[in-house]
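Open the model in your viewer and show it as a cartoon. The stops below say what to select next and what is there.

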Amino acid sequence: MNNQLSDISTQYRKFSKGQYIEYTQFNEFLDFFEDQDRLSRVMLQGVGIVCGFKPNLIYTNRILSSLRLSQGVAVTTDGDLLTLNNTNKVSEDVYVNDLKTIDIESKDYTHFKVYDDFKAKYQAFRNGAGKQIELWELATAQEAGDDFQPINNLTKLEDNYLLLYLESYEKEVKPCRGVDCDNHGVQQIRNLKVLVTTAEGIANILGKDRIQPHPLFIDDIMGYGKQERVIIERLIEGQGIDKKFLSSDVKSLYSTVLKNNDYGRIIFEKNQCNRSINRTSDCLLSRF
């Protein structure tokens, strides 16, 4: 799987009425606006889990029956927007995607199977010997096929890690027959997979994926500066009791204290422009 933002399209063409265009010219148009959409999420809104995606192990008669994952919103560092979804309407056309709904509170994953990443071939899922790390795919009762087994057979689940992985690849094109070729195109597949891996698997992903630590977990984050009280009464003392104050005046008090004491300086020194130079996978992780 190649990251979508590894090569960014910076221009596109406008077409005239009745003009014949090559497929490369049309794809250039799509690539430009897709890249702009992804870049706006990554650089202007930020990346990571915005809310939700809370895992909870559900037990029935002291036996693990499901893993409940709450609805959530996340943005990957490749600019993909992640949410849980269910199929809302199955398309009658084999070349048209099914419609999905995100109007759900949570999903209960009751089954699992060994996950084989043979479609997307994500390099961070392979160790130094080229072998895939231990991965298990979770599925709901409705999604599970014959090759899945009950989740209570997955041992030491409490000691493992949960990953949200956007499986991204192009669907293989079948040979054209007759006039059907004009209706096909190359289908771009985006499947959200809920995966489980071990601590060793996570270490392998972190080593190859360059996932940046959150600034709040950096050592000595408060190493610079000192604490200083912000005294609102100083506004009154300096300008008189009859003076009207704006919210911007109060904000200025706090801004001055932060600036004078270099508050958060280490964050900007270690993480400045990280989001613009790092292109990691469509993968978000959480510990149970």
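Which residue of E8 does Leu67 stand opposite? Select Leu67: Tyr109 in E8 stands opposite it. Before going on, note that this is a predicted model, where local features need pLDDT of at least 70, side-chain atom pairs count only at pLDDT 80 or more, and totals for chains, interfaces and linings use all residues. Residues are numbered from 1 along each chain as its sequence is written, and side-chain values use heavy atoms, with hydrogens and water left out.

Next, select strand E3, residues 63-70. Strands here are DSSP runs of E, at least two residues long, numbered from the N terminus. E3 and E8 pair in the antiparallel sense over four bridges; two strands pair if DSSP finds at least two bridges between them.

E2 and E3 run antiparallel and are joined by six bridges, with Pro55 opposite Leu69 in E3. Their hairpin has two residues between the strands, and Asn61 there takes a positive phi near 55 degrees.

Now view the three strands together: they form an open sheet in the order E2-E3-E8.

Last, select Leu67, Leu69, Tyr109, Leu138, Leu157, Leu162 and Val194, the residues with the most contacts inside the largest nonpolar core, which has 21 residues. Such a core is a set of buried Ala, Val, Leu, Ile, Met, Phe, Trp, Tyr and Cys residues joined through side-chain atoms within 4.5 Å; buried means under 20% relative accessible area (1.4 Å probe, protein chains only).

How values were computed:
Buried < 20%, exposed > 50% of the residue type's maximum accessible area, 1.4 Å probe, protein only.
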